[in-house]
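Please open the model in your viewer and keep the sequence panel at hand. The stops below follow one another as selections.

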Amino acid sequence: MPARNDQALSLLSKMLKSPPRKALSLFNSSAQQCSPPTQLAVSLIVYHLISFNMRWFAECVTLQMISGKTTPPLFTISSLVQCVIREGKNFNYSLVYETFIAAHVKAQLPFEEACLVFDEMIAKGLVPRSCTLNKLLNIFVKANNFDGAWQLFEKNKKAVHLDEYTFGILMKGCCQNGDLDRGFQILSEMCNMGITPNVVVYTTLIGACFTKGEAVKAKSLFLEMRNLGVVANQLTYNVMINGFLRKGLRDDGFELYERMKNEGTMPDLHTYNTILHAFCRDGEMNRAYKLLREMQEMRITPNVVTYNTIINGLCRMRRTGEANKFVSEMKLYGLSPNILTYNMLIDGYCHLGMMDKAFKLLGQLTSLGISPTVITYNILIEGCSRFGNLARVLELVREMEERGISPSKVTYTILIDSFAQCNDMEKALAVLSRMKSANLVIDVCTYGALINGWCNKGSMKEASKLFKGMRENNVEPNDVIYNTMIFGYCKEGSSYKALKLLKEMTDKGMAPNLASYTFTFQVLQCDGKHEEARHLFGWLIKSGSGPSTVDFEVMA
């Protein structure tokens, strides 16, 4: 023991007499070859390094000690702080606290102790730099604890120098939390403190506005930002264009795209993919092709997302042959089609009734080393069901289960509908039971398939039970289900029940289809309820939900 103490004292003496880099080298050698360094040794080397403005090295030493990378974590951040302060004379203690807090953050240790040390620093009348507070705020935001970040900010905003990065971190946190009101509060507080919000702060809040469906507020912020002289960057334009187009505000989105180019901010791959998606979604394939050529002229290389967007647009328009040409083109660019690409092509062939080609693509997946997903199987199962091939449907379900792919809610709903279309409600209910056993939630589509099955079978009592059960399970019937029930009651001759649902449907703002009007009107006439039929027509016309004159002629 005396020998070890002599060694430690000798090391400390050499460290304090040496230049900081040599002292650090002595410390590291001792830590690797001898016994673990004492708290005093750690404190003195940290003190020595900070004295020579080598804070980064001081952070590294502290990080090694408190994270246990060099030795077991024998020290806490609090004990090290106290030891350095005790040894230091006429020293900037703020730097000590900030060094240890920075090391603690980098070590990704529980941040409660770092916050306590920060509080102690404030209590001693020391003024932390904004970057120290920012580090702690960032930890809270990354942990998805915005309330904690906000409390820390509110408690210390008058004791710490704040900067635009402080508010940027807070803005990111509140927007991730979906707290739009707090976001505008942060913006207002920045301005009140004389800190001009930067482009990052504005862009983050604009993105949150679009996420909340507040396109008008987003547009207002963009104009405010420009009026303050804050220059929009590529990301700002991308957020704005994407937000407008997703909201269906095509003119605003395309106008901003042109302004972006005119003002010298060049569109990037994300910009082009966003515009391309809007064209393909709306079936404007010629404009999509023109934009693709523009990308290539601007030397922006398309990626898999670019080609998948075009392929999806073509497949939705049943132009699967053209879509295949783009698969070949993407391969020429060295891009590999992924499972999304193949799912879109398979779906395109299924809708065209070209099931042989769809199954051929399924076979290609395996040879390419791409695993089909539950979506792949659902597309094929629905395709086979659409053409009445129930045997193939069941074969596909067995195959996906053998691959370890569990049927989804969509899979079960397609199966239920397949059996319902074949008037085999017993098997449809058996599938429903399996679905419940798998703890899958029954949604409006599942209810719709079952209700349609019972209505086609003429069992309105069973259909009515399900219809009432929907509300008990907080599932709102849609217009398809209402129209199905109305048709079922009309077929049964229950004119009043059909009429009641027709009125209930319009009260909810849904528009009954022509068949619902026609059958209800006709069944009332057949029952000799001419007055009710006239009232129905008059009431529908008055409410603005009724059929046109041409439709009335069809009904009559």
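How many residues has α30, and how far does α30 reach from its first C-alpha to its last? Select α30: this helix has 13 residues and reaches 18 Å between those two atoms, close to the 18 Å expected at 1.5 Å a residue. The expected span is 1.5 Å times one less than the number of residues. Helices are DSSP runs (H or I, at least four residues) and strands likewise (E, at least two), numbered from the N terminus.

Before continuing, note that this is a predicted model, in which local features need pLDDT of at least 70 and side-chain atom pairs count only at pLDDT 80 or more, while totals for chains, interfaces and linings use all residues. Residues are numbered from 1 along each chain as its sequence is written, and side-chain values use heavy atoms, with hydrogens and water left out.

**The whole chain**

Of its 556 residues, 47% count as buried; buried means under 20% relative accessible area, exposed over 50%, and partly exposed in between (1.4 Å probe, protein chains only). Among contacts (heavy atoms within 4.5 Å) between residues at least 6 apart in sequence, 60% join residues at least 24 apart.

**α30 and its partner α29**

Next, show the side chains where the two helices meet: Ser495, Ala498, Leu499 and Leu502 of α29 are in contact with Ser516, Tyr517, Thr520, Val523 and Leu524 of α30. By class, this contact has 6 nonpolar, 3 polar and no charged residues. Here Ala, Val, Leu, Ile, Met, Phe, Trp, Tyr, Cys and Pro count as nonpolar, Asp, Glu, Lys and Arg as charged, and the others, Gly among them, as polar.

Within α30, the buried residues include Thr518 and Phe521. After α30 comes Gly528, with a positive phi near 75°.

**The nonpolar core**

Now select Ile310, Ile311, Leu380, Ile451 and Met485, which have the most contacts inside the largest nonpolar core, a group of 146 residues. Such a core is a set of buried Ala, Val, Leu, Ile, Met, Phe, Trp, Tyr and Cys residues joined through side-chain atoms within 4.5 Å. Centre on Ile451: setting aside residues up to four places away in sequence, Ile451 touches Ala463, Leu466, Phe467, Met470, Ile481, Thr484 and Met485.

**α11 and its surroundings**

Move to α11 (residues 180-192), whose end C-alpha atoms are 19 Å apart, in agreement with the 18 Å that its 13 residues should span. Colour its buried residues, Leu180, Gly183, Ile186, Leu187, Glu189 and Met190. They pack against α9 (146-156), α10 (164-176), α12 and α13 (215-227). Gly194 follows α11 and has a positive phi, near 80°.

Is Asn273 buried or exposed? Asn273, in α16 (residues 269-281), counts as buried because its relative accessibility is 11%. Leu116, in α7 (residues 112-123), counts as exposed at 56%. Finish at Lys357 in α21 (residues 355-367), which is partly exposed, with a relative accessible area of 42%.
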